[in-house]
Amino acid sequence: MSQTVRTRPEGSGQALSEAYDTALLDLDGVVYAGGDAIAHAVDSLATARAGGMRLAYVTNNALRTPDAVAGHLTELGIPTEASDVITSAQAVARLISEQVPAGAQVLVIGGEGLRVALRERGLEPVDSAEDGPVAVVQGYGGPDLPWSRFAEASYAIARGVPWFASNTDLTIPGARGIGPGNGAAVEVVRIATGAEPQVAGKPLPPMHRETILRTGAERPLVVGDRLDTDIEGAFNGEVDSLLVLTGVTDGAQLLAAPPRHRPTYVDADLRGMLTGQPEVVEAGDGFRCGGWTATAGSEELELTGEGEALDGLRALCAAAWTAAGEGTCELNGEKALAWLGL
(Lines give C-alpha, C1' and ligand atoms only; values in the text may rest on other atoms or scores of the structure.)
Protein backbone atom coordinates (compact mmCIF):
# COMPACT_ATOMS: atom_id res chain seq x y z
CA MET A 1 0.00 0.00 0.00
CA SER A 2 1.39 3.37 -1.01
CA GLN A 3 0.32 6.37 1.02
CA THR A 4 1.47 9.96 1.30
CA VAL A 5 3.79 10.32 4.28
CA ARG A 6 2.12 12.52 6.91
CA THR A 7 4.46 15.30 8.07
CA ARG A 8 2.11 17.26 10.33
CA PRO A 9 -1.25 16.96 12.09
CA GLU A 10 -4.08 18.28 9.94
CA GLY A 11 -6.41 21.14 10.70
CA SER A 12 -10.19 21.06 10.37
CA GLY A 13 -12.53 24.00 9.96
CA GLN A 14 -15.45 21.78 11.02
CA ALA A 15 -16.00 20.00 14.28
CA LEU A 16 -14.79 16.43 13.76
CA SER A 17 -18.22 15.15 14.84
CA GLU A 18 -19.66 16.99 11.82
CA ALA A 19 -16.91 16.13 9.34
CA TYR A 20 -17.22 12.34 9.88
CA ASP A 21 -20.32 10.16 9.99
CA THR A 22 -19.07 7.53 12.43
CA ALA A 23 -16.59 7.55 15.31
CA LEU A 24 -14.84 4.21 15.72
CA LEU A 25 -13.84 4.57 19.36
CA ASP A 26 -11.37 2.47 21.26
CA LEU A 27 -12.46 1.83 24.85
CA ASP A 28 -9.56 1.23 27.27
CA GLY A 29 -7.70 4.51 27.66
CA VAL A 30 -10.19 6.48 25.54
CA VAL A 31 -13.68 6.09 27.03
CA TYR A 32 -12.77 4.46 30.32
CA ALA A 33 -9.81 3.24 32.36
CA GLY A 34 -10.14 0.52 34.95
CA GLY A 35 -13.90 0.55 34.45
CA ASP A 36 -14.38 4.24 35.28
CA ALA A 37 -15.24 6.84 32.67
CA ILE A 38 -12.38 9.10 31.64
CA ALA A 39 -12.93 12.80 32.29
CA HIS A 40 -15.17 14.51 29.70
CA ALA A 41 -15.92 11.24 27.88
CA VAL A 42 -19.60 10.92 28.82
CA ASP A 43 -20.57 14.50 27.98
CA SER A 44 -18.48 14.61 24.80
CA LEU A 45 -19.98 11.42 23.41
CA ALA A 46 -23.52 12.57 24.26
CA THR A 47 -22.95 15.83 22.39
CA ALA A 48 -21.47 14.07 19.36
CA ARG A 49 -24.40 11.64 19.23
CA ALA A 50 -26.96 14.43 19.60
CA GLY A 51 -25.34 16.14 16.60
CA GLY A 52 -25.92 13.10 14.41
CA MET A 53 -22.63 11.23 14.64
CA ARG A 54 -22.88 7.47 15.02
CA LEU A 55 -20.76 6.05 17.83
CA ALA A 56 -19.25 2.58 17.55
CA TYR A 57 -16.96 1.09 20.16
CA VAL A 58 -14.09 -0.96 18.75
CA THR A 59 -11.95 -2.87 21.21
CA ASN A 60 -9.10 -5.33 21.01
CA ASN A 61 -10.13 -6.65 24.44
CA ALA A 62 -11.76 -10.02 23.70
CA LEU A 63 -12.72 -10.79 27.30
CA ARG A 64 -16.21 -9.32 27.52
CA THR A 65 -19.19 -9.83 25.24
CA PRO A 66 -20.73 -6.94 23.30
CA ASP A 67 -23.75 -7.17 25.62
CA ALA A 68 -21.51 -6.80 28.67
CA VAL A 69 -19.59 -3.90 27.15
CA ALA A 70 -22.81 -2.14 26.14
CA GLY A 71 -24.21 -2.64 29.63
CA HIS A 72 -21.08 -1.18 31.21
CA LEU A 73 -21.13 1.86 28.93
CA THR A 74 -24.81 2.42 29.63
CA GLU A 75 -24.12 2.31 33.38
CA LEU A 76 -21.45 4.96 32.88
CA GLY A 77 -24.06 7.21 31.27
CA ILE A 78 -23.30 6.36 27.63
CA PRO A 79 -26.44 4.65 26.21
CA THR A 80 -25.17 1.79 24.05
CA GLU A 81 -26.61 -1.23 22.25
CA ALA A 82 -24.68 -4.48 21.78
CA SER A 83 -24.73 -3.81 18.03
CA ASP A 84 -22.65 -0.66 18.67
CA VAL A 85 -19.76 -2.77 20.02
CA ILE A 86 -17.19 -4.51 17.80
CA THR A 87 -14.58 -6.71 19.46
CA SER A 88 -11.47 -8.53 18.33
CA ALA A 89 -13.25 -11.71 19.45
CA GLN A 90 -15.81 -11.14 16.67
CA ALA A 91 -13.07 -10.43 14.13
CA VAL A 92 -11.06 -13.55 14.99
CA ALA A 93 -14.19 -15.72 15.06
CA ARG A 94 -15.01 -14.62 11.51
CA LEU A 95 -11.41 -15.30 10.46
CA ILE A 96 -11.55 -18.83 11.91
CA SER A 97 -14.98 -19.55 10.42
CA GLU A 98 -13.63 -18.82 6.95
CA GLN A 99 -10.99 -21.54 7.34
CA VAL A 100 -12.68 -24.41 9.20
CA PRO A 101 -15.90 -26.41 8.69
CA ALA A 102 -19.19 -25.22 10.19
CA GLY A 103 -19.74 -26.67 13.64
CA ALA A 104 -16.03 -27.34 14.18
CA GLN A 105 -14.58 -27.41 17.69
CA VAL A 106 -12.19 -24.61 18.68
CA LEU A 107 -9.97 -24.64 21.76
CA VAL A 108 -10.52 -21.39 23.66
CA ILE A 109 -7.79 -19.74 25.72
CA GLY A 110 -9.58 -16.67 27.01
CA GLY A 111 -12.92 -15.48 28.29
CA GLU A 112 -16.62 -15.46 27.56
CA GLY A 113 -16.30 -12.91 24.77
CA LEU A 114 -14.47 -15.45 22.61
CA ARG A 115 -16.99 -18.19 23.32
CA VAL A 116 -19.96 -16.03 22.39
CA ALA A 117 -18.26 -14.83 19.19
CA LEU A 118 -17.41 -18.38 18.12
CA ARG A 119 -20.98 -19.58 18.67
CA GLU A 120 -22.23 -16.61 16.65
CA ARG A 121 -20.19 -18.04 13.75
CA GLY A 122 -21.51 -21.58 14.25
CA LEU A 123 -18.38 -22.93 15.94
CA GLU A 124 -18.15 -24.95 19.17
CA PRO A 125 -15.81 -23.77 21.97
CA VAL A 126 -13.91 -26.50 23.86
CA ASP A 127 -11.46 -26.41 26.76
CA SER A 128 -8.99 -29.21 26.13
CA ALA A 129 -6.50 -30.24 23.47
CA GLU A 130 -7.97 -33.73 23.94
CA ASP A 131 -11.37 -32.58 22.60
CA GLY A 132 -10.14 -32.75 19.01
CA PRO A 133 -10.12 -29.01 18.19
CA VAL A 134 -9.41 -27.94 14.60
CA ALA A 135 -8.18 -24.51 15.78
CA VAL A 136 -6.83 -22.77 18.87
CA VAL A 137 -7.91 -19.21 19.63
CA GLN A 138 -6.28 -17.02 22.25
CA GLY A 139 -7.68 -13.78 23.65
CA TYR A 140 -7.36 -11.71 26.80
CA GLY A 141 -8.74 -13.75 29.69
CA GLY A 142 -8.26 -11.32 32.55
CA PRO A 143 -5.53 -11.21 35.21
CA ASP A 144 -6.58 -14.53 36.74
CA LEU A 145 -6.28 -16.73 33.63
CA PRO A 146 -4.52 -19.92 34.84
CA TRP A 147 -1.07 -20.76 33.51
CA SER A 148 -2.43 -24.21 32.65
CA ARG A 149 -4.46 -22.64 29.81
CA PHE A 150 -1.26 -21.63 28.02
CA ALA A 151 -0.02 -25.20 28.36
CA GLU A 152 -3.29 -26.50 26.86
CA ALA A 153 -2.82 -24.23 23.84
CA SER A 154 0.77 -25.38 23.47
CA TYR A 155 -0.21 -29.08 23.47
CA ALA A 156 -2.69 -28.55 20.62
CA ILE A 157 -0.42 -26.27 18.58
CA ALA A 158 2.44 -28.78 18.87
CA ARG A 159 0.15 -31.32 17.18
CA GLY A 160 -0.27 -29.03 14.21
CA VAL A 161 -3.56 -27.36 15.13
CA PRO A 162 -3.77 -23.84 13.59
CA TRP A 163 -3.40 -21.02 16.12
CA PHE A 164 -5.32 -17.74 16.08
CA ALA A 165 -5.05 -14.70 18.35
CA SER A 166 -7.64 -12.01 18.86
CA ASN A 167 -4.90 -9.37 19.20
CA THR A 168 -1.31 -8.88 20.31
CA ASP A 169 -1.50 -5.75 22.52
CA LEU A 170 1.36 -6.21 24.96
CA THR A 171 -0.27 -4.02 27.60
CA ILE A 172 -3.71 -3.03 28.85
CA PRO A 173 -4.51 0.08 30.95
CA GLY A 174 -6.30 -0.31 34.28
CA ALA A 175 -7.24 1.66 37.36
CA ARG A 176 -3.86 0.94 39.00
CA GLY A 177 -1.71 1.42 35.91
CA ILE A 178 -0.55 -0.51 32.87
CA GLY A 179 -0.73 -4.32 33.04
CA PRO A 180 0.21 -7.16 30.66
CA GLY A 181 -2.23 -7.63 27.79
CA ASN A 182 -3.05 -10.51 25.47
CA GLY A 183 0.12 -9.94 23.46
CA ALA A 184 2.19 -10.85 26.52
CA ALA A 185 0.21 -14.09 26.88
CA VAL A 186 0.64 -14.82 23.16
CA GLU A 187 4.40 -14.49 23.62
CA VAL A 188 4.29 -17.21 26.30
CA VAL A 189 2.72 -19.66 23.84
CA ARG A 190 4.98 -18.51 21.00
CA ILE A 191 8.08 -19.21 23.09
CA ALA A 192 6.75 -22.63 24.09
CA THR A 193 5.79 -23.71 20.57
CA GLY A 194 7.86 -21.69 18.10
CA ALA A 195 4.62 -21.17 16.17
CA GLU A 196 3.09 -17.96 14.82
CA PRO A 197 -0.62 -17.16 15.21
CA GLN A 198 -2.94 -15.58 12.69
CA VAL A 199 -3.95 -12.29 14.33
CA ALA A 200 -7.27 -10.55 13.76
CA GLY A 201 -7.30 -7.44 15.96
CA LYS A 202 -6.11 -3.90 15.44
CA PRO A 203 -4.04 -2.84 13.59
CA LEU A 204 -4.59 -5.69 11.12
CA PRO A 205 -7.13 -5.76 8.25
CA PRO A 206 -9.54 -8.39 9.72
CA MET A 207 -10.53 -6.00 12.52
CA HIS A 208 -11.05 -3.07 10.18
CA ARG A 209 -13.11 -5.26 7.87
CA GLU A 210 -15.25 -6.45 10.80
CA THR A 211 -15.83 -2.88 11.92
CA ILE A 212 -16.91 -1.60 8.51
CA LEU A 213 -19.15 -4.64 7.92
CA ARG A 214 -20.94 -4.09 11.23
CA THR A 215 -21.22 -0.29 11.16
CA GLY A 216 -21.60 0.53 7.46
CA ALA A 217 -19.46 3.63 8.08
CA GLU A 218 -18.76 5.75 5.00
CA ARG A 219 -16.66 8.53 6.55
CA PRO A 220 -15.23 6.93 9.68
CA LEU A 221 -12.91 8.57 12.19
CA VAL A 222 -10.83 6.21 14.30
CA VAL A 223 -10.41 7.55 17.84
CA GLY A 224 -7.76 5.91 20.00
CA ASP A 225 -4.93 6.23 22.48
CA ARG A 226 -2.46 3.71 21.05
CA LEU A 227 -0.17 4.37 18.12
CA ASP A 228 0.57 0.70 17.38
CA THR A 229 -3.06 -0.46 17.28
CA ASP A 230 -5.59 2.36 16.86
CA ILE A 231 -3.54 4.72 14.71
CA GLU A 232 -1.77 2.03 12.71
CA GLY A 233 -5.13 0.34 12.16
CA ALA A 234 -6.51 3.57 10.71
CA PHE A 235 -3.40 3.86 8.52
CA ASN A 236 -3.85 0.32 7.24
CA GLY A 237 -7.54 0.99 6.57
CA GLU A 238 -6.71 4.31 4.88
CA VAL A 239 -9.05 6.30 7.13
CA ASP A 240 -8.47 9.35 9.33
CA SER A 241 -7.67 9.16 13.03
CA LEU A 242 -7.74 11.19 16.23
CA LEU A 243 -5.21 10.42 18.94
CA VAL A 244 -6.31 11.34 22.48
CA LEU A 245 -3.72 11.62 25.23
CA THR A 246 -5.76 9.90 27.95
CA GLY A 247 -4.16 6.46 27.59
CA VAL A 248 -0.77 4.93 26.96
CA THR A 249 0.78 7.32 24.40
CA ASP A 250 2.89 10.22 25.66
CA GLY A 251 4.40 13.19 23.86
CA ALA A 252 7.82 11.62 23.29
CA GLN A 253 6.30 8.55 21.63
CA LEU A 254 4.17 10.75 19.40
CA LEU A 255 7.13 12.82 18.24
CA ALA A 256 9.08 9.66 17.40
CA ALA A 257 6.19 8.06 15.48
CA PRO A 258 6.99 6.51 12.09
CA PRO A 259 4.50 7.24 9.27
CA ARG A 260 2.12 4.37 10.07
CA HIS A 261 1.77 5.68 13.66
CA ARG A 262 1.11 9.35 12.85
CA PRO A 263 -2.50 10.38 13.57
CA THR A 264 -4.47 12.81 11.46
CA TYR A 265 -5.41 14.84 14.54
CA VAL A 266 -4.14 15.13 18.13
CA ASP A 267 -6.14 16.28 21.14
CA ALA A 268 -6.16 15.96 24.90
CA ASP A 269 -9.37 13.94 25.27
CA LEU A 270 -12.73 13.27 23.61
CA ARG A 271 -13.66 16.93 23.69
CA GLY A 272 -11.50 17.10 20.59
CA MET A 273 -14.30 15.43 18.64
CA LEU A 274 -16.54 18.44 19.20
CA THR A 275 -14.27 21.14 17.83
CA GLY A 276 -12.32 22.01 14.74
CA GLN A 277 -8.61 21.39 14.76
CA PRO A 278 -6.02 24.16 14.49
CA GLU A 279 -3.88 24.28 11.38
CA VAL A 280 -0.12 23.78 11.52
CA VAL A 281 1.63 26.07 9.03
CA GLU A 282 5.18 26.52 7.81
CA ALA A 283 7.00 29.40 9.47
CA GLY A 284 10.45 30.03 8.04
CA ASP A 285 12.46 26.88 8.70
CA GLY A 286 9.94 25.66 11.28
CA PHE A 287 6.24 25.14 11.91
CA ARG A 288 3.72 27.26 13.79
CA CYS A 289 0.52 26.28 15.56
CA GLY A 290 -1.28 28.84 17.68
CA GLY A 291 1.34 30.85 19.55
CA TRP A 292 4.11 28.25 19.22
CA THR A 293 6.83 27.72 16.64
CA ALA A 294 8.85 24.49 16.51
CA THR A 295 12.03 23.79 14.58
CA ALA A 296 14.33 20.83 14.17
CA GLY A 297 17.81 21.74 15.43
CA SER A 298 20.97 19.75 14.89
CA GLU A 299 20.46 17.63 18.02
CA GLU A 300 17.08 18.51 19.48
CA LEU A 301 13.66 19.89 18.74
CA GLU A 302 13.36 23.56 19.63
CA LEU A 303 10.23 25.44 20.68
CA THR A 304 9.51 29.14 21.08
CA GLY A 305 6.39 31.11 21.89
CA GLU A 306 3.49 30.66 24.26
CA GLY A 307 -0.10 29.52 24.32
CA GLU A 308 -1.99 26.24 24.56
CA ALA A 309 0.28 23.28 25.27
CA LEU A 310 -1.46 21.13 22.66
CA ASP A 311 -0.69 23.69 19.96
CA GLY A 312 2.96 23.44 20.93
CA LEU A 313 2.77 19.65 20.70
CA ARG A 314 1.19 19.86 17.24
CA ALA A 315 3.95 22.20 16.06
CA LEU A 316 6.59 19.85 17.49
CA CYS A 317 4.98 16.93 15.66
CA ALA A 318 5.33 18.80 12.38
CA ALA A 319 8.99 19.58 13.02
CA ALA A 320 9.77 16.02 14.15
CA TRP A 321 7.83 14.19 11.44
CA THR A 322 9.21 16.42 8.68
CA ALA A 323 12.76 15.84 9.91
CA ALA A 324 12.16 12.09 10.11
CA GLY A 325 10.51 11.72 6.69
CA GLU A 326 9.71 8.04 6.27
CA GLY A 327 11.66 7.07 9.38
CA THR A 328 11.61 7.80 13.10
CA CYS A 329 12.68 11.15 14.53
CA GLU A 330 15.80 10.76 16.66
CA LEU A 331 16.04 14.39 17.77
CA ASN A 332 15.62 14.96 21.50
CA GLY A 333 12.33 16.61 22.35
CA GLU A 334 12.45 16.29 26.14
CA LYS A 335 13.23 19.94 26.85
CA ALA A 336 10.46 21.20 24.57
CA LEU A 337 7.93 18.75 26.04
CA ALA A 338 8.91 19.69 29.58
CA TRP A 339 8.34 23.35 28.72
CA LEU A 340 4.83 22.41 27.61
CA GLY A 341 4.26 20.32 30.74
CA LEU A 342 3.78 17.17 28.64
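Strand E6 (residues 105-109) pairs with E7 in the parallel sense over 3 bridges; two strands count as paired if DSSP finds at least two bridges between them. Helices (H or I, at least four residues) and strands (E, at least two) are DSSP runs, numbered from the N terminus. The model is a predicted one, in which local features need pLDDT of at least 70 and side-chain atom pairs count only at pLDDT 80 or more, while totals for chains, interfaces and linings use all residues. Residues are numbered from 1 along each chain as its sequence is written, and side-chain values use heavy atoms, with hydrogens and water left out.

Hairpins come next. E10 and E11 pair in the antiparallel sense over 4 bridges and form a hairpin with 2 residues between them; here glycine 174 stands opposite glycine 177 in E11. Strand E16 (residues 281-283) and strand E17 (residues 286-289) run antiparallel and are joined by 3 bridges, and alanine 283 stands opposite glycine 286 in E17. Their hairpin has 2 residues between the strands, and glycine 284 in the turn has a positive phi of about 65 degrees. E17 is also joined by 3 bridges to strand E18 (residues 292-296), again in antiparallel fashion. In the hairpin of E17 and E18, glycine 290 takes a positive phi near 60 degrees.

Turning to open spaces, the largest pocket holds about 570 Å³. On a 1 Å grid over the protein atoms alone, a pocket is an open set of points where a 1.4 Å probe fits, with protein on both sides within 12 Å along at least five of seven lines, and lining residues have an atom within 4 Å of a point. Grid points are joined across faces, edges and corners, and a volume is the space filled by probe spheres set on the points. Of the 31 lining residues, Tyr140, Gly142, Pro143, Ile172 and Pro180 lie nearest the centre of the largest pocket. Among the elements that give two or more residues to this lining are strands E10 (171-174) and E11 (177-180). The second largest pocket has a volume of about 270 Å³, and 16 residues line it, with Gln3, Thr4, Arg6, Phe235 and Val239 closest to its centre.

Finally, the whole structure contains 19 salt bridges, each a side-chain nitrogen of Lys or Arg within 4 Å of a carboxyl oxygen of Asp or Glu. One of them joins glutamate 120 and arginine 214 (3.1 Å, N to O). Glutamate 120 lies in helix H5 and arginine 214 in helix H8 (residues 205-215), so the pair ties together parts that are 94 residues apart in sequence.
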